Every structure is written in C-alpha cells, then in structure tokens.
Amino acid sequence: MDKRIKLTDIKQFSVSNCLTLDIKHKDNNLEVILVRYSQAKYAAYINRCPHTGVNLNWQADQCFDMSEKYLMCSLHGALFRPEDGHCIYGPCTGQSLSQLPIEIDKDEIFIHLDGLNLSKSVELS
Ligand code: FES
C-alpha cells in the first residue's frame, strides 16, 4: 500500500524557504527539511549534516544561507546545493544530505515512505 504523508500546502511556502518537520512513522521519528529553491522546485532531506549528524537549521524553518542559494549547516557552516543536497563547501565537502522522495499533488506536497529504511536513515554515519 502506498504510504504518503502530507508535508505542507504549496501556497504557504515561498521561494528560498525551508520547513523543518518531525514525522512519525511506525516506531521512528524522522526529522525532515523541505526546501523550495526556485519558483516550482522542491526537495526534502533528512535534517542531518553528514559531518557530525546535527540538524542543519539554527532556528525552526531557517536552513538557507544569507545568499539564499544554499542550505547551510548551523554548526560549521557547510553549504549544500538545495537541488540535490550535495555539499560544495565546508568539512563535509563532497558528501550529501540524504534526499527523500516527495510528490506534488494539486497544491500539496507529500513525502513517500514506501521503501524507506527509516531505521537506517536515522543512523549517524
Ligand atoms: S556539523 Fe555540519 S558542518 Fe560540521
């Protein structure tokens, strides 16, 4: 069975915006960041920096750097491309955020949980 969870309505979500969300699925808690990085481009990632495993955001819903082009880790300032989560600057350069499958259906954004190994995805590297 298809398991999807609504993350937000598109209308409430402007460009260069980020939402930090906690999702409960079975016995797992999944911390997610949902980003809108251009007019109609969205991506979702597990909210965990590949450097030490901390959350990227320094406040709720604050993930972009000052230029609003990159996602920035709050601890050591690593920069990640919002379109694919690849780190282009900082101590984890070359690594990537863990991307999550999303779907846009009418004006709503959903995350797909089918096939996700949540116990593995919340494990620190
Ligand atoms: S913890 Fe994110 S850059 Fe160090």
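This is a predicted model: local features need pLDDT of at least 70, side-chain atom pairs count only at pLDDT 80 or more; totals for chains, interfaces and linings use all residues.
- Strand 5 meets strand 6 (residues 79-80) over 2 bridges, in the antiparallel sense.
- Leucine 71 has phenylalanine 80 in strand 6 as its bridge partner.
- Leucine 71 turns up again in the core: Leu71 is listed among the members of the largest nonpolar core that touch the most other members.

- Strand 2 and strand 3 run antiparallel and are joined by 9 bridges, with asparagine 17 standing opposite arginine 36 in strand 3.
- Strand 2 and strand 3 form a hairpin with 2 residues between the strands, and lysine 26 in that hairpin takes a positive phi near 55 degrees.
- Next along, strand 3 (residues 28-38) and strand 4 (residues 41-46) are antiparallel too, held by 6 bridges.
- Strand 3 and strand 4 also make a hairpin, with 2 residues between them.
- Strand 4 then pairs with strand 8 (residues 99-100), antiparallel, over 2 bridges.
- Tyrosine 45 is a handy residue for tracing the sheet: isoleucine 33 stands opposite tyrosine 45 in strand 4, and the bridge partner of tyrosine 45 in strand 8 is glutamine 99.
- Alanine 44, for its part, has leucine 100 as its bridge partner in strand 8.

**The core**
- The largest nonpolar core holds 26 residues, and the ones touching the most other members are Val32, Ile33, Leu34, Val35, Ala44, Cys63 and Leu71.
- Strand 3, strand 4, strand 5 and strand 10 (108-112) are the elements that each give two or more residues to this core.
- Strand 3 supplies the largest share, 6 residues.
- Beyond its neighbours within four places in sequence, valine 35 is in contact with Cys18, Tyr42, Ala43, Cys63, Leu71 and Pro82.

**Tyrosine 42**
- Tyrosine 42 belongs to strand 4, and counts as buried because 20 other C-beta atoms lie within 10 Å.
- Leaving out residues up to four places away in sequence, tyrosine 42 touches Leu34, Val35, Arg36, Ile102, Ile104 and Ile109.
- Tyrosine 42 and valine 15 are 27 residues apart in sequence, with 9.3 Å between their C-alpha atoms.

**Loop residues with positive phi**
- Glutamate 68 isn't a glycine, yet its phi is positive, about 65 degrees.
- Look for glutamate 68 in the loop between strand 4 and strand 5; with 11 other C-beta atoms within 10 Å, glutamate 68 is exposed.
- Lysine 106, not a glycine either, has a positive phi of about 55 degrees.
- Lysine 106 sits in the loop between strand 9 (102-105) and strand 10, and is exposed, having 6 other C-beta atoms within 10 Å.

**The whole chain**
- In total there are 1 helix and 10 strands, and reading from the N terminus the elements go β-β-β-β-β-β-β-β-β-β-α.
- The protein has 125 residues, of which 26% count as buried.
- Among contacts with a separation of 6 or more, 48% are between residues 24 or more positions apart.

**Confidence**
- The mean pLDDT is 87, and 90% of the residues reach 70 or more.
- Residues 119-125 have a pLDDT below 50, and this stretch has 8 contacts in the model beyond near neighbours in sequence.

Notes. Residues are numbered from 1 along each chain as its sequence is written. Two strands pair if DSSP finds at least two bridges between them. Helices (H or I, at least four residues) and strands (E, at least two) are DSSP runs, numbered from the N terminus. A nonpolar core is a set of buried Ala, Val, Leu, Ile, Met, Phe, Trp, Tyr and Cys residues joined through C-beta atoms within 7 Å. A residue is buried if 20 or more other C-beta atoms lie within 10 Å of its own, exposed if 12 or fewer, and partly exposed in between; C-beta atoms are placed from the backbone. Two residues are in contact if their C-beta atoms, placed from the backbone, lie within 7 Å. pLDDT is the predictor's confidence in each residue, from 0 to 100.
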